[in-house]
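Let's explore a protein together, one question at a time. Take a look at the structure first, then read on.

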Amino acid sequence: STSTRTCFEINHLKLQGRRTMTAIDDKVLRSIFDTYDADGSGSINLDELSKALSMLGVKVSQNSTNKVLKIIDKDNNGTVEWHEFQQFFSMVKDPEDIKLLLSKCNQRFFEYKQMVETDASFARTFLVPPARSPLARLDGHNGDLEHVSFIGEQGMISGSIDGDIILWDISAKSKSLRPQRILTDEDTKKSIYSMAVSRDGKLALTGYGVKSCNVDLWNLDTGKAERIDGQQEPVYSCALATSQTAASGSKTGVVCLHDLASSRSDLKWKGHEGVVQSLDFQAGQSSILCSASSDGQVKIFDVRALGEADSATATIDDAAASGTVYQAIWRGSHEIISCGDDYCIKRWDIRKTQDGPLNSYFGHTSVVRSICLSPDERFVVSGTNSGSVRVWSADELALLEVQLNEVEEMAKNMQMQENALQERFDAGTLDDPSELKEVRSDIEQIASEANHLQKIKQERMMLGCTQAKLSLEGTAMAVAALAWKQTANDKALVACGSQDATVRLYEVDVAQLEVIERWNKE
């Protein structure tokens, strides 16, 4: 029945009903094929096939294009000839049917994105969370923000594409803050494409958009930088494990492991077929890292196990259903949270990626560029190309189960109290009968709470996703840098770095984020 289907299954039926179910015209196909067969060779390669699919209205990741290529390429020569292209599309009645060749879980994310872009009921399906205005705005950069981190008790650091690394004192109670110190020199600075800061706030690693001299290690106490060798293409991602070990990822998919003591590259391997958009070391580890790429994949590497094949220990294919994965970060030892251009955030168990994501976070309506976790890993913050910033419970169902178990335990204890009081009442030894009445009233309240939580659980299971708890407003431009700092009295600070060259600070009530309410208040 409709009541047992998720909104995505219902939307899938709507989309099916809208299809024309007529074959794609040969003249249209030939025109598209010839557009990308620029040299007139009679064949197109993988990249050209991806562009041809886009022209047909199907944007998929590089990995998904690979899957389609293997189906079309009957002679297995690595290219698609016209007769193969024509034969394949003579059997595919609608470009959307190509998505059926992909995994079932990916169809769901394609349909979410399509729902955002074409379904007028989207706004009624996904709630708009309450909004919070910024505490302060930090002005000092002249380009897109690429990184923000909190350092020390009252400090913050930011880096931007204009090449500046700025230290801030955020202790002042002011709506507008100015730089405390700028580390970079006007004559030597380069565009910062990526940046990472050590947990102790003493070191920063910067990657630049140039082909040489493109990684620096900064001592934040002295303000001095040391060049780190290894990369020969623009560096789009970097990560710090310890004061001795770092990693960087390039435009061409190369990952380098750097020995910071010697300023050299210990290891270098081809990690991806596209840009390495992010790198993150597992907490407490200097040998295990995850990477995210424009090829649509997230990979886990144990550098101790890398051999000639440079193979990943785990791979999440099509982590972003329609293309680029912009960021992947660790949550604990076995979970990864990723975001990308399918407008989605996903949480994965790297031990069973074939089962699809553990959880999906829906509600954004544009490309999700950045994510960060609270230090206790209970909350996720995300930023998008449209400037939307939202806060989510990382594992709301687990929190809901904890609350249900607590209520069930309370109900069991109250029932035992009622039984004991009833026995005393029946024996005539209960001095105050109102005690029994009060316990029964408490049992009714607990039962009502349990029923309320069960309805919330059913609602979450029905929609099949997590929705945001809070929206942080203030910018309409892309947010590529986020940070979270726990403060006193169950509060937190969130920093958001935007393409408008500013950083905004927000105060978040953590206790309020822990409250679980029904999405449908009717």
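A nonpolar core is a set of buried Ala, Val, Leu, Ile, Met, Phe, Trp, Tyr and Cys residues joined through side-chain atoms within 4.5 Å. Keep in mind that this model is predicted.

Q: Which residues touch the most other members of the largest nonpolar core?
A: Helices H2, H3, H4 and H5 each supply at least two residues of this core. The core has 18 residues, and those touching the most other members are Ile 44, Leu 49, Val 80, Phe 85 and Phe 89.

Q: How many residues are in the other core, which includes Trp 484?
A: This core lies apart from the largest one. Besides Trp 484, its members include Phe 379, Val 391 and Leu 513. Its residue count is 17.

Q: Is Leu 240 buried or exposed?
A: Leu 240 is found in strand E14, residues 235-240. Its contacts include Ala 196, Leu 217 and Phe 281. Buried means under 20% relative accessible area. Leu 240 has 15% relative accessibility, so Leu 240 counts as buried.

Q: Which strands are the edge strands of the open sheet of five strands?
A: The strand order is E8-E4-E32-E31-E30, with mixed pairing. An edge strand here pairs on one side only, and that picks out E8 and E30.

Key. Residues numbered from 1 in each chain as written. Predicted model: local features only at pLDDT ≥ 70, side-chain atom pairs only at ≥ 80, totals over all residues. Heavy atoms only, no water. Buried < 20%, exposed > 50% of the residue type's maximum accessible area, 1.4 Å probe, protein only. Helix = DSSP H or I, 4+ residues; strand = E, 2+ residues; numbered from the N terminus. Contact = heavy atoms within 4.5 Å. Pairing = 2+ DSSP bridges. Lists of a residue's contacts leave out its neighbours within four places in sequence.
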